[in-house]
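Take a look at the sequence and structure below. Then read on for a helix, a chain contact and a sheet.

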Amino acid sequence: MADHMHTVPEEALKELPPAHKALGKLGRALLARFPVWPIVDFLRNKKVPEHRHAAWYMMGGLALFFFAIQVFTGILLMVYYRPAEPWQSVQRIVMEVPYGNLMRSIHHWSANLMILTLFLHMFSAYFMKAYRAPREGTWLVGLALLGLCMAFGFSGYLLPWDDLSFFATNVGLTEMEKAPGLGPWLASLLRGGPAVTTDTIGRFYVLHVVVLPLAVLGLIGMHLLFVQIQGMSEPDSFAALPACQKKHKKFFFDYFASEIPVWLAAFALLVALSAIWPRALEAEADPFGAAPLGIKPEWYFLAQYQALKLFPGKLEYAGMALMGIVPLLCALVPFFDRAVPSDRRGTWIERAGVALLVGFVVLTVWGWIS
Amino acid sequence: MTDSNTTRREGDGGRRRFLGGLGLLSMAWAGGLLYPVYRYLAPTIPKDPFDAEGKAPVEGVKAEDIAQPGQGRNAGFAGGGLVVFRTPEGELRALSSKCTHAGCNVEFQGGSIHCHCHGGVYDLEGKNVSGPPPKPLTRYRVAEQGGLLYVYRPDKA
């Protein structure tokens with residue numbers, strides 16, 4: 001062996017297929033050139049606790065699957081989308097481009113399912129208390145990812161430039177404008193002027209296809225790396241078991257393999273939803289026209305929408321403060337929870353979580369039917 | 001021993017001062033680089049939509065479209081959206097169409113003005129009468145000249 005080649009570790013040799021097989025030969029050749037066995041070993045360390053709530057662990061991977069679909073369909077949509085003639089180019093995707101309507105509808109439904117999955121992922125991590133020390137960082141990065149994904153939804157919503165997107169953007173930016181501090185400045189910077197125009201599209205487009213994807217990819221990397229380094233959190237009931245009763249599944253590739261059928265089912269659901277309820281394109285935005293009757297935001301903004309209606313006049317600021325305080329409290333939870341099973345704070349955190357979940361669902365349904 | 005310690009401390013102080021200065025300089029340099037980037041991104045101040053006399057043409061509606069009492073339209077001028085209408089008494093009025101609640105465009109509905117986004121209602125004076133809007137709509141003086149409509153700068157109204 002030449003002196004600039006590396007020795008393949010004993011451990012690796014045991015794991016690799018025999019040297020006379022093609023894969024074994026390739027593995028040895030690669031490890032002799034790139035001494036990455038410690039990295040492989042590091043990745044193989046991840047194991048998933050097995051218990052009756054373990055199904056919730058699927059949510060993170062499922063969200064990542066939907067994100068991959070978003071990247072793929074997003075790239076396809078960019079081929080025909082023109083920020084200078086937004087509505088016309090989306091109409092072309094929908095009416096003329098073969099399977100254009102399907103691609104756009106998948107992008108729409110996958111966004112919705114991704115946000116739904118992220119909510120489930122967040123609430124399951126919350127109730128299993130996975131945010132506790134030492135995993136505060138994973139929790140905070142996760143919250144930031146949820147925020148960025150909602151920003152994805154908000155920025156993407158404007159791009160078709162139809163009636164719905166125009167007024168949804170107007171409402172969002174007007175609310176931002178009313179926020180104290182940097183609100184007005186940030187709203188004007190995003191809007192690119194005093195009113196929502198095609199100038200706003202340029203800004204939202206760049207955010208949607210470049211800035212947010214880079215930020216999200218970076219944060220997903222951090223999130224996964226944290227989980228990899230710290231291992232998966234074990235809920236109290238599982239952690240209390242004697243070591244001999246704790247069952248784990250190796251992530252690579254036992255658990256990963258069990259995720260694949262779930263992803264395939266999710267994909268089937270996605271295509272079915274897109275085929276049965278394709279995303280409509282409303283009339284082109286008319287900046288001077290009246291907002292159409294029955295206009296409503298996407299379901300994940302319905303709770304805020306309903307809250308906006310419930311706090312009239314000067315009380316509006318109370319509603320906005322409430323909306324600002326919820327994410328802040330979520331971020332502070334790991335520092336409030338002392339992670340002692342008998343501590344009363346744990347009970348309060350559970351109750352607050354149930355209240356938040358119920359409040360969110362009630363406001364969403366109320367906004368939906370009103 | 002003492003001498004060398006003192007020397008080192010003085011040396012450290014000098015290095016610290018130098019690094020501090022370098023840090024400040026780098027921040028000034030970064031600021032200088034970021035300023036053009038910020039100005040590039042910041043929206044430019046829009047042109048004054050009103051002319052020297054303080055008036056601006058209304059787009060999207062002509063006087064003949066709203067000749068009868070109770071008729072109204074969504075329209076706009078360079079400074080933003082408008083609802084232009086005639087009251088049941090026949091008076092011509094123009095209000096900003098931007099709902100003071102969340103910025104949707106309101107709609108003239110004969111006896112009142114509605115916003116469909118969150119259910120705000122204004123009277124024909126532009127006053128918020130029900131629903132979430134916190135303030136009245138801005139009112140513009142409006143006049144007809146040769147079949148076209150013009151609005152006037154609010155402070156000159």
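Helix α14 of chain A covers residues 316-336, 21 residues in total. From first C-alpha to last it reaches 29 Å, close to the 30 Å expected at 1.5 Å a residue (1.5 Å times one less than the number of residues). Helices here are DSSP runs of H or I with at least four residues, and strands are runs of E with at least two, numbered from the N terminus.

This is a predicted model: local features need pLDDT of at least 70, side-chain atom pairs count only at pLDDT 80 or more, and totals for chains, interfaces and linings use all residues. Residues are numbered from 1 along each chain as its sequence is written, while chains are lettered from A and ligands numbered from 1 in the order in which they are written.

**Helix α14(A)**
- α14(A) bends by about 30° at C330(A) (the angle between axes fitted to the seven residues ending there and the seven starting there).
- A proline, P334(A), follows within four residues.

**Contact between chains**
- Chain A gives 26 residues to the contact, and chain B gives 24 residues (C-beta atoms, placed from the backbone, lie within 7 Å).
- On the side of chain A that touches chain B, α8, α9 (183-191) and α13 (299-310) of chain A each give two or more residues.
- α8(A) gives the most, with 5 residues.

**Sheet in chain B**
- Four strands form an open sheet in the order β2-β3-β4-β9, with antiparallel pairing (strands pair if DSSP finds at least two bridges between them).
- β2 (72-77) and β9 (139-140) of chain B stand at the edges with a single partner strand each, so one side of each has no neighbour in the sheet.
- β2(B) is joined to β3(B) by 6 bridges.

Conventions
Contact = placed C-beta atoms within 7 Å.
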